[in-house]
Amino acid sequence: MLSTALNALAADLQAAKSKLDAAVADAEGEKLTVETNGSVTYPEGGDKYQGKTPPGGTVSGVTDPTAKALHRQAAHIHPNPYFARALACADRITAALEEATKADEKWAPKLRKLKADDDLTVSAADWVDAKKDTGGVRDGAERYLDAIKAPPKHGDPEDNAEWWKHLSADERDAYISMHPASIGAMNGLPADARDEANRTVLAETRGQYEVRLAALNKSEPPEFENVGARGDMKYSQKWLDWRDKKERLEGKIKGMQAIQGRFDRTGQGGLPEAYLLGFDPDGEGNGRVILANGNPDTADHTALYVPGTTTDLSTIAEDDGDTPSDLKHSERLWRESGRLTPGQKVSTITWLDDDAPDNVLTDAPSDTYAERGAPRLHQYLEGNRAAHTYATGDTGHTTVLGHLLRVGFSTVKSDSSGLDYEPEKRDSQQGVREVGTLSSRVLEMLNIKGKSTEPGPTAAPCDASHDTSRTHQSVRRPWSLYGVGSDALEKGMKNLHNALPNQGWKVTKYGKDSSRNHNLEIMAVHVKTHTQLEAT
């Protein structure tokens, strides 16, 4: 911001200097002398009067309209023609100096405001002040910013990339400092530029929210109010509204702290630099977070992970039991992808820029959410491709991963450690057939019409630490049911819960899960085969 402010000051001064230089050059061309104080000396000249040539002299310029009018009148009647020329040049010089003085007076207080506190702590209030300072600099820098080529209106990612490519380093810095939110959201721009802009937006937004939360905590209304003549109490509506607003602020601040936490983890366990490619605390209702591990512009392989149901800014870093958070999921994906592609660059991206469903039963089955989010995802991918092409000359390899609602089955072959039964040794294909059969029966027990995903059971080596030979395998069969209304899904879950015991299953959990929306969940174990079932 300081660099942009100085460049803007220089632009204002340069305009004044150009006018001054032109006036001085014209004066010298007229055989006039410009003095150090801005006055102009002219020689004797004109027709002789009473045997004498009209003498020379020195004049000073004015900018006041009335004074300039008097100068023009004097010039018309003065016998020395150099007098009028000197007055015109002196007025131009004075106007240029006055313009420079105004520029100095305009920018001096703005530059003083950019001076940081004399302590080493950057507080929330400091970031709020920084945003105000940005507005002040932007308002004063019209001349400088107007001279920079504006971004294309309604440009596609390739247009944006081409525009950015032809800006100078100073012009890029100016746009990032003056318009961080716009630059941070512009598909097609380099990852490092978007990251710098979005980190500014993140810091300023977090400062604003923390200041707002502090003020809100000081204005808590009474929690209860009297109802009726007996003195019964109930929660006051003002307090409930206050609590909801407080929880929303706290949730968004928690999400912003989690993003900063990812920045701080860079280097731990080899974790690469993080790039914040999109941020808006309220974007699409859930908040916008596009966070990359590693630079996707230069990566050989990029994986983009789209979080699923109930995800928003406040929950993006929340672990759910043994299930890692969306941010950690992307970090694990980066580590595993790097292990499988030694010597190649990998970037993994958590992409939350759509209105994810809020409820598994009532929202997730609808195609509406995907239809609304698809164009935004497409635009981002096109931007990623354009930025990669400009950085490396090729498009790279990109994979998109989604999040599924699923019913999952698994049967695991292991030793008897920690189990209340003696495991039976079976061929993996026998386990595949067994899980497939049980899965089909569960679909029948739901007793609702819908479409299910196609992939069947698969066997894969266990991750058990004691299984160094990798001979033990687990068989899993996740599937999703879609094209079903929320009422039918709820009825199907009740049908399943009622039917499972009669089909040899022991229900170990039936109730709300730990997600924010407390969705209905069933967990069960098949008594004979010890196959596990999880349905949400």
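Me: Which residue does D353 form a salt bridge with, and how far apart are the closest N and O atoms?
Reply: D353 pairs with R288, and the closest N and O atoms are 2.8 Å apart. That pair links distant parts of the chain, 65 residues apart: D353 sits in the loop between β9 (346-352) and α12, and R288 is in strand β7 (residues 288-293). A salt bridge here is a side-chain nitrogen of Lys or Arg within 4 Å of a carboxyl oxygen of Asp or Glu. Helices (H or I, at least four residues) and strands (E, at least two) are DSSP runs, numbered from the N terminus.

Me: What kind of model is it, and how are residues numbered?
Reply: This is a predicted model with residues numbered from 1 along each chain as its sequence is written, and local features need pLDDT of at least 70 while side-chain atom pairs count only at pLDDT 80 or more, though totals for chains, interfaces and linings use all residues. Side-chain values use heavy atoms, with hydrogens and water left out.

Me: Back to that pair. Is D353 buried or exposed? And R288?
Reply: D353 counts as buried because its relative accessibility is 8%. R288 is buried too, with a relative accessible area of 15%. The cut-offs are under 20% relative accessible area for buried, over 50% for exposed, and partly exposed in between (1.4 Å probe, protein chains only).

Me: Which residues are in the salt-bridge network with them?
Reply: D280 and R376 join R288 and D353 in the network.

Me: How many salt bridges does the whole structure have?
Reply: The search finds 21. One is R199 with D195, where the closest N and O atoms are 3.0 Å apart. Those two are 4 residues apart in helix α9 (residues 191-217), so about one helical turn separates them. R199 is partly exposed at 26% relative accessible area, whereas D195 is buried at 9%.

Me: And what does R339 form a salt bridge with?
Reply: With E336, at 2.7 Å between the closest N and O atoms. Both lie in helix α11 (residues 326-340), 3 residues apart, which is about one turn of the helix. R339 counts as exposed at 56% relative accessibility, and E336 is partly exposed at 42%.

Me: Switching to α12. How many residues does it have, and how far does it reach?
Reply: Helix α12 (residues 368-392) has 25 residues and reaches 37 Å from its first C-alpha to its last, close to the 36 Å expected at 1.5 Å a residue. The expected span is 1.5 Å times one less than the number of residues.

Me: Where does α12 bend?
Reply: At A374, by about 30°, and a proline, P375, follows within four residues. The bend is the angle between axes fitted to the seven residues ending there and the seven starting there.

Me: What about α2, how far apart are its end C-alpha atoms?
Reply: They are 19 Å apart, which agrees with the 18 Å that the 13 residues of α2 (residues 65-77) should span at 1.5 Å a residue. D64 caps its N-terminal end, with a side-chain oxygen 3.1 Å from the backbone nitrogen of T66. For reference, a polar contact is a pair of N or O atoms within 3.5 Å; within protein, one must be able to donate a hydrogen and the other to accept it, and residues adjacent in sequence count only if both atoms are side-chain atoms.

Me: Which residues other than glycine have a positive phi?
Reply: K31 is one of them, with phi near 65°, and H154 is another, near 55°. K31 is in the loop between α1 (2-29) and β1 (33-34), and at 63% relative accessibility it counts as exposed. H154 is in the loop between α5 (142-146) and α6 (157-165) and is exposed at 83% relative accessible area.

Me: Why bring those up?
Reply: Because most residues other than glycine have a negative phi.

Me: Last one, where's H397?
Reply: H397 is in strand β10 (residues 397-401) and counts as partly exposed at 44% relative accessibility. Its C-alpha is 9.3 Å from that of R385, 12 residues away along the chain.
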